[in-house]
Amino acid sequence: MENIRNFCIIAHIDHGKSTLADRLLEFTGTLSQRQMQAQVLDNMDLEREKGITIKAHAIQMNYKLDGKEYVLNLIDTPGHVDFSYEVSRSIAACEGALLIVDASQGIEAQTISNLYLALEHNLEIIPVMNKIDLPHAMPEEVTEEIVDLIGCKPEDVIRASAKEGIGIEDILKAVVHRVKPPKGDPKAPLQAMIFDSVFNSFRGIEVYFRVFNGTIKKGEKIKFVSTGQEYNADEIGILRLDKQATNEISAGNVGYLISGIKVAKEVHVGDTITSALNPGESLRGFQEVKPMVFAGIYPVDTTEFEELRASMEKLQLNDASLVWELETSAALGFGFRCGFLGMLHMEIIQERLEREFNMTVITTVPSVQFKAHLTDGSTIEINAPSEMPDPTTMDSIEEPYIKAQIISKTEYIGPIINLCIEKRGQIKNQNYLTTDRVEMTFEMPLSEIVFDFFDKLKSISRGYASLDYHLIGFRESDMVKLDVMLNGEKVDALSAIVHRGKAQEWGRKLCEKLKELIPRHMFEVAIQAAIGQKIVARETISAIRKNVLAKCYGGDISRKRKLLEKQKKGKKRMRQIGTVEVPQEAFMAVLKIE
Ligand code: GTP
């Protein structure tokens with residue numbers, strides 16, 4: 001155990017985590033340059049395109065220093081708020097962390113919150129300043145930020161360039177010298193923590209674990225503590241570039257397990273693996289992940305419902321955090337109400353449905369979960385506007401609140417505070433990292449972050465602000481259901497639950513936006529927003545007068561073609577509501593309200 005080091009990398013998106021990991025693999029000879037693809041650690045297509053490491057993986061390297069052989073386990077952590085629970089489990093599996101900060105950007109919100117997680121787990125932090133090769137790197141300022149943040153000495157900050165291969169050896173040496181070797185008793189009853197799993201359609205789910213005590217042996221009967229399910233450890237092994245089967249893995253080490261599990265739901269990140277015959281206690285820290293954002297997913301073509309159901313079932317096999325149930329909408333027909341970890345997770349699911357399963361879907365307005373306390377003393381959870389009870393039967397309603405950390409240049413403090421106040425937020429703390437960088441803490445409703453908050457934050461700060469948040473609980477709020485009607489017909493898929501103080505303005509803007517998005521028809525279309533029986537806003541789309549093309553565009557052929565193309569594209573995602581044709585964008589119009 002003396003020669004094992006388990007470490008992870010904490011970094012903000014794009015600060016160079018994947019590139020640096022590749023360099024470490026290369027330097028230790030774990031992979032030759034020839035084997036090296038662009039980036040080994042992110043191997044899902046979608047991940048690469050989004051530039052975000054979505055699924056944590058682990059890889060083992062051998063490294064010789066001062067005549068001794070060391071085993072270094074690098075555990076990759078996802079870098080997005082939606083996956084923060086997975087980050088916390090990856091961190092819990094390590095004794096040390098490389099804290100990577102981009103020398104041209106400085107510390108970002110994500111870095112800080114993951115750093116706090118690492119400190120909570122008593123990890124040794126090795127600060128690394130990456131991208132020192134960049135001409136606009138600010139090594140002095142960024143070193144100062146790091147020193148202020150973690151209280152190290154300036155000379156402890158390793159200067160590196162993953163791109164140019166600078167500082168790589170220093171990093172490996174620091175891992176060996178500064179990260180503590182794992183503790184644990186290889187002879188005690190087995191306790192291994194699951195920190196990740198990967199779906200493999202041929203062999204079943206691969207479970208990645210860190211052994212804290214005991215030894216897991218090939219072929220033995222094992223048990224997952226949270227579910228009580230027992231399996232046979234058909235294959236165990238270590239994770240090199242490929243999987244390498246072994247006969248046993250002991251306390252302190254990291255490995256994978258294959259035992260014919262077909263359904264992701266049976267494997268919970270954070271759960272403890274133990275021996276079925278000689279069980280150990282559950283390791284602390286297991287927690288069910290809960291969906292934070294809900295939305296309806298419907299097939300564009302109603303005849304594809306069964307196909308969509310089959311696709312959703314397959315997706316759920318390899319993504320345990322996706323939950324769904326059947327939902328029917330008067331406007332959209334049969335579909336699914338889905339729960340996601342966050343907005344990015346929702347986007348990923350929608351994209352996977354389209355790419356991997358070739359489905360064309362309509363996603364409805366995302367919403368958070370509300371809790372309604374009814375006059376009869378009961379409490380219900382509301383995951384969709386349609387589930388909102390009649391106001392007369394309700395005592396009160398609660399909505400989820402988050403603590404948001406925002407880091408930005410000081411010149412944007414004013415606009416950021418204004419934005420947060422507009423989003424019903426309250427500033428709680430303001431802390432200067434350096435003279436021109438500030439960390440602000442807000443408490444605000446999650447529902448306000450779901451819509452366009454991040455985009456707005458980026459645009460008012462010219463891309464300089466970073467955001468991280470976590471749930472702090474539910475608070476009472478005055479929420480109402482806002483309905484939308486097209487020619488008098490209620491469109492349930494366009495309803496939203498909004499704060500009363502904002503409902504009227506919301507209704508007005510939504511109607512305006514819908515007017516832009518819904519094409520003109522041969523008849524007039526009335527768009528109305530209502531709270532209960534009360535109409536709060538109205539817009540009218542006037543009827544087409546015969547031939548649009550000839551009239552509007554005076555015969556310019558290329559513009560005509562463009563218009564026709566546009567209409568054709570739009571057609572794919574049109575939905576008939578009564579007599580009105582509504583494009584997909586309209587169902588997401590709320591996201592675009594200014
Ligand atoms: P996510 O996986 O999205 O979290 O990003 P990451 O932190 O893994 O960053 P990645 O390694 O993908 O690097 C982001 C960008 O920075 C890429 O374009 C890299 O080529 C570039 N990059 C990484 N390290 C360096 C460096 O040392 N110098 C320079 N100039 N560019 C670098």
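This is a conversation about how some features of a predicted model are named.

Modeller: The model is predicted, with local features needing pLDDT of at least 70, side-chain atom pairs counting only at pLDDT 80 or more, and totals for chains, interfaces and linings using all residues. Residues are numbered from 1 along each chain as its sequence is written, and side-chain values use heavy atoms, with hydrogens and water left out.

Biologist: Why is the pair of F305 and F334 called tilted?

Modeller: Rings of Phe, Tyr and Trp (its six-membered ring) pair if their centres lie within 6.5 Å, and planes under 30 degrees apart count as stacked, over 60 as edge-to-face and the rest as tilted. By this rule there are 5 aromatic pairs. In F305 and F334 the ring centres are 5.7 Å apart and the planes stand at 45°, so the pair is tilted. F305 belongs to helix α7 (residues 305-318) and F334 to strand β19 (residues 333-340), so the pair ties together parts that are 29 residues apart in sequence; helices (H or I, at least four residues) and strands (E, at least two) are DSSP runs, numbered from the N terminus. One aromatic cluster is formed by F305, W324, F334 and F336.

Biologist: How do you know whether F305 is buried or exposed?

Modeller: Buried means under 20% relative accessible area, exposed over 50%, and partly exposed in between (1.4 Å probe, protein chains only). F305 has 12% relative accessibility and therefore counts as buried, whereas F334, with a relative accessible area of 54%, is exposed.

Biologist: What makes the buried residues of α9 line one face of the helix?

Modeller: In helix α9 (residues 413-422) the buried residues are I413, I416, I417, L419 and C420. Seen down the axis of α9, they fall within an arc of 160° (taken from the directions from the helix axis to the C-beta atoms), so they line one face of the helix. The exposed residues N418 and I421 are carried on the face turned away from that buried side.

Biologist: Why are α1 and α6 called roughly perpendicular?

Modeller: Helix α1 (residues 17-27) and helix α6 (residues 168-178) pack at an angle of about 80°, with their axes 10 Å apart. Axes are lines fitted to C-alpha atoms, for helices over the stretch in contact, and angles run from 0 to 180 degrees between N-to-C directions. Angles under 35 degrees count as roughly parallel, over 145 as roughly antiparallel, 65 to 115 as roughly perpendicular and the rest as oblique, and α1 and α6 are therefore roughly perpendicular to each other. Where they meet (contact means heavy atoms within 4.5 Å), L20, R23, L24 and F27 in α1 face I168, E169, I171 and L172 in α6.
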